[in-house]
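Open the model in your viewer and keep the selection tool at hand. The tour moves from one selection to the next.

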Amino acid sequence: MNRKVISKTTMEKIVKQLTELEEQKSIILERYYSEPSSKRDNFNKMIQRYVSYTENFLKNVSVVDEDTSSLPFVTINSDVEVTDLEEQETFTLRIVSPLIEESPVNVNCVSYLSPVGSALLLKEVNDEIRIQVSSQVLKYKINNIWIMDA
């Protein structure tokens, strides 16, 4: 098995993001899922899966000093270049917290709670995904993933 490699800076950003996620979890639960429901349960499962996957990755990754921002899978706060397989258009999406106060200028941000954001989480380069959004099915291929600048 090929060992994954990330830069020390990228590792620090992922650890910081996990800490922020833990801090934000109760706020998100209160704001979006205040009552017991299947959506609340699904959110908790998604976060648990995400944290477990990411922590396991961090335990097994090789960290290098060279400064690279590329990631092997989609994380919260990462930029994801995708190609719309129907339209053959390429664009970049930033996966963000639903609690983001201000979107960066000229960046297409999607919450990890949205259908697109949640479908992209933990996916890898070259993965093709199908996302049901209302009555439409989006088909994307992931071309590149990198961690956003802080």
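The stops below cover the sheet, the salt bridges and the aromatic pairs. Keep in mind that this is a predicted model.

**Stop 1**

**Stop 1: strands 3 and 4**

Select residues 78-84, strand 3, and residues 89-96, strand 4. The two run antiparallel and pair over six bridges.

What do the side chains of R94 and D79 meet in? They form a salt bridge, at 2.6 Å from N to O.

Is R94 buried or exposed? R94 is buried, with a relative accessible area of 11%. D79 is buried as well, at 6% relative accessibility. Both values fall under the 20% limit for a buried residue.

**Stop 2: the hairpin**

Select Q132, then its bridge partner in strand 7, V137. Strands 6 and 7 make a hairpin with two residues between them. Click S134 in the turn: its phi is positive, about 55°.

**Stop 3: from strand 7 to a loop**

Stay on strand 7 and show K139 together with E86. Their side chains meet in a salt bridge of 3.2 Å, N to O. E86 sits in the loop between strand 3 and strand 4, while K139 belongs to strand 7, so the pair ties together parts that are 53 residues apart in sequence. K139 is partly exposed, at 25% relative accessibility.

**Stop 4: helix 1**

Select helix 1, residues 8-32, and show K16 and E20. They lie four residues apart, about one turn of the helix. Their side chains form a salt bridge at 3.9 Å, N to O. K16 is partly exposed, with 49% relative accessible area. E20 is partly exposed too, at 27%. How many salt bridges does the count come to? The count is three.

**Stop 5: the aromatic rings**

Switch to the aromatic side chains. The structure holds five aromatic pairs. Begin with Y32 and Y33: the ring centres are 6.5 Å apart and the planes stand at 55°, so the pair is tilted. Y32 is partly exposed at 38% relative accessible area, whereas Y33 is buried at 15%. Ring pairs link Y32, Y33 and F43 into a cluster.

Next, select Y53 and F73. Their ring centres lie 5.0 Å apart with the planes at 80°, so this pair is edge-to-face. Y53 lies in helix 2 (residues 38-60), and F73 in the loop between strand 2 (62-64) and strand 3, so the pair ties together parts that are 20 residues apart in sequence. Finish with a surface view. Y53 counts as partly exposed at 34% relative accessibility. F73 counts as buried at 2%.

How values were computed. Residues numbered from 1 in each chain as written. Predicted model: local features only at pLDDT ≥ 70, side-chain atom pairs only at ≥ 80, totals over all residues. Heavy atoms only, no water. Pairing = 2+ DSSP bridges. Phe/Tyr/Trp six-rings, centres within 6.5 Å; stacked < 30°, edge-to-face > 60°. Buried < 20%, exposed > 50% of the residue type's maximum accessible area, 1.4 Å probe, protein only. Salt bridge = Lys/Arg side-chain N within 4 Å of Asp/Glu carboxyl O.
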